[in-house]
Amino acid sequence: MYTQAMDQPDPQGGSLKAVRDAGADALQRGFDDRIDADRKVEPQDWMPEAYRKTLVRQISQHAHSEIIGMQPEGNWISRAPSLKRKAILLAKVQDEGGHGLYLYSAAETLGVSRDALLDALHTGKAKYSSIFNYPTLTWADVGVIGGLVDGAAIMNQVPICRCSYGPYARAMIRICKEESFHQRQGFESLMTLMKGTQAQRDMVQDAVNRWYWPVLAMFGPPDADSPNSAQGMRWGIKRISNDELRQKFVDATVPQARILGVTLPDPDLKWNEERGHHDHGAIDWDDFWAVVNGNGPCNKERLATRVKAHQDGQWVRDAALAHARKQQARALKEAA
Ligand code: BYC
C-alpha cells in the first residue's frame, strides 16, 4: 500500500527525505521571494503554516471586531435624534456587518470554516477589539465612535490594504472607503453638537474624555511588548508598527480637536519640535489587558448579545440552507 511503502526504510539511504527537504526548501524560497518582491500571496499559493495561522488569527479577530462593533452604536439606532441621523446610523451599522462578512470570507480562503471562527468568538476563545467593551452612554458617544474610533481604525487599516495576503488586502480597500465615510459622518455629527447648546458641548467633551484613552490603546501594546509585530512586519501583514500608528493618530487628532473645540484629556500632550511629533502621556496598559482578557465594562454583555443574536438567527440559516438544497435539487432534475 502507498502509505506502508512510505514507511519502509529508504533503500537509497535517505535520498527520499533529501528530495522532500529540497522540495520544501524550494517552496519556502518561492514564498520568501514573493514576499521580498512585494507580490501578493493568493489562497492557491504555498505558504508556511505559521503565516497561515497568523492571518487566520488577525483576520478573524478583525471580523469579530466588526460584528461586535455593531453593538455600541446599534444601541442608539432607536434613539437617534432625527430621521437623518437614524438613516446614517443604520447604514453605518449595516456597513460594519458587511465588513465582518468580507473578512470572514477572506479568512475562509485560508481553509478555516466560518462556524469554527464564530464558535471561537462565542465561547470567549477568540479576541476582538478592546474598544467595543466600553458603553455608549450618550448620543455624543456615537459621534465620537465615528470621529475617533473610526479615525483610529482608518489609520490602522489603510496600511493593511497593502497586506501581502491578496484576499485580506482586497477586502480592506472596500472597508477603508466605507470607514472614511463613517469617520466623516462622526466628525460632522460632533461639529453639529458643538455648534449647539452648552449642554451639547459638555456632552461631546464628556464623551471625548471617556473614549480618548481606550482609543489610543486600541492600536495594541507598545512595540516592545508586541509579540506578533516583528514577524507580522517581516511577512508584510503589518506595514506600520503599533506605536508608529498611535503616533500618527495623535498627530492627526490634535488639530481635529482644535477645530472641534474640545480638549484632549491628556495633560502631557505637547508638540515636540525635535521629534516633529506630539508627545503624549502614559497609557494605562493594565486597564487595556483587563479589557482584552474579558474584564472590561461590557465584555460579558457584548458576548451574551452576540450569542443570542446567533441563536435567534438559526431559523434564517436553516431556511437559507433548505432553499439552497431545493434549488440544487431542481437544477439537478432539470439537467437530468
Ligand atoms: N484589542 O502582538 P500584538 C473597527 C492583542 S474594527 C484586543 O501587537 P498584532 C471598527 C493581539 O491580538 C477594529 N486585543 O498583536 C469596527 C495579541 O493577542 P493574540 C479592529 C488586542 O496582531 C466597527 C496581543 O494583544 N481592527 O475599527 O501584531 C465599528 C498582542 O498584540 C488589541 C483590526 O482588527 C486590541 N485593541 O497587532 C467601528 C485591525 N491590540 O492574538 C470600528 C487588524 C492587540 O496573540 N488587526 N491585541 O492572542 C491589527 O492590525 C492587529 O491585529 C492589531 C494587533 C494592531 C490589533
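Helix 3 passes helix 6 in a right-handed crossing, where right-handed means that the near helix is turned clockwise from the far one by less than a right angle, and left-handed means anticlockwise. Helices here are DSSP runs of H or I with at least four residues, strands are E runs of at least two, and both are numbered from the N terminus. This is a predicted model, in which local features need pLDDT of at least 70 and side-chain atom pairs count only at pLDDT 80 or more, while totals for chains, interfaces and linings use all residues. Residues are numbered from 1 along each chain as its sequence is written, and side-chain values use heavy atoms, with hydrogens and water left out.

**The chain as a whole**

- The chain contains 14 helices and two strands.
- Its C-alpha trace spans about 85 × 65 × 35 Å along the principal axes.
- Of the 336 residues in the chain, 45% are buried; buried means under 20% relative accessible area, exposed means over 50%, and partly exposed is in between, using a 1.4 Å probe and protein chains only.
- Among contacts (heavy atoms within 4.5 Å) with a separation of 6 or more, 75% join residues 24 or more positions apart.

**Helix 3 with helix 6**

- The axes of helix 3 (residues 49-68) and helix 6 (residues 114-122) come within 11 Å and cross at roughly 65°. Axes are lines fitted to C-alpha atoms, for helices over the stretch in contact, and angles run from 0 to 180 degrees between N-to-C directions.
- Helix 3 contributes Val56, Ser60, His64, Ile67 and Ile68 to this contact, and helix 6 contributes Leu117, Leu118 and Leu121.
- By type, the residues of this contact are six nonpolar, two polar and no charged. Ala, Val, Leu, Ile, Met, Phe, Trp, Tyr, Cys and Pro count as nonpolar, Asp, Glu, Lys and Arg as charged, and the others, Gly among them, as polar.

**Helix 7 with helix 9**

- Helix 7 and helix 9 (residues 198-217) have axes that come within 9 Å and cross at roughly 35°. This crossing is right-handed.
- On the helix 7 side you will find Trp139, Ala140, Asp141, Val144, Ile145, Leu148, Val149 and Ala152; they meet Met203, Val204, Ala207, Val208, Arg210, Trp211, Tyr212 and Val215 of helix 9.
- The residues of this contact divide into 14 nonpolar, no polar and two charged.
- Asp150 is also found in helix 7 and is buried, with a relative accessible area of 4%.
- Beyond its neighbours within four places in sequence, Asp150 is in contact with Lys92, Glu96, Ile145, Glu179, His182 and Gln183.

**The nonpolar core**

- The largest nonpolar core has 75 residues, and those with the most contacts inside it are Tyr51, Leu55, Ile59, Tyr165, Tyr168 and Trp211. Such a core is a set of buried Ala, Val, Leu, Ile, Met, Phe, Trp, Tyr and Cys residues joined through side-chain atoms within 4.5 Å.
- Helix 7 (residues 139-157) supplies the largest share of this core, nine residues.
- Setting aside neighbours within four places in sequence, Tyr168 touches Leu55, Gln58, Ile59, His62, Leu103, Ala106, Ile160 and Cys163.

**Cysteines**

- The structure holds zero disulfides, a disulfide being a pair of cysteine sulfur atoms within 2.5 Å.
- The cysteine sulfur closest to that of Cys163 belongs to Cys161, and at 9.6 Å it is too far for a bond. Cys163 is buried, at 0% relative accessibility.
- Cys176 is in no disulfide either, and its nearest cysteine sulfur, that of Cys161, is 3.8 Å away. Cys176 is buried too, with a relative accessible area of 7%.

**Other residues to look at**

- Asp38 lies in the loop between helix 2 (15-36) and helix 3, and it is partly exposed at 49% relative accessible area.
- The phi of Asp38 is near 60°, a positive value in a residue other than glycine. Most residues other than glycine have a negative phi.
- Ala24 lies in helix 2 and counts as partly exposed at 40% relative accessibility.
- Ala24 and Pro48 are 24 residues apart in sequence, and their C-alpha atoms are 9.9 Å apart in space.
- Ile173 is found in helix 8 (residues 166-194) and is partly exposed, at 40% relative accessibility.
- Ile173 and Asp206 are 33 residues apart along the chain, with their C-alpha atoms separated by 33 Å.
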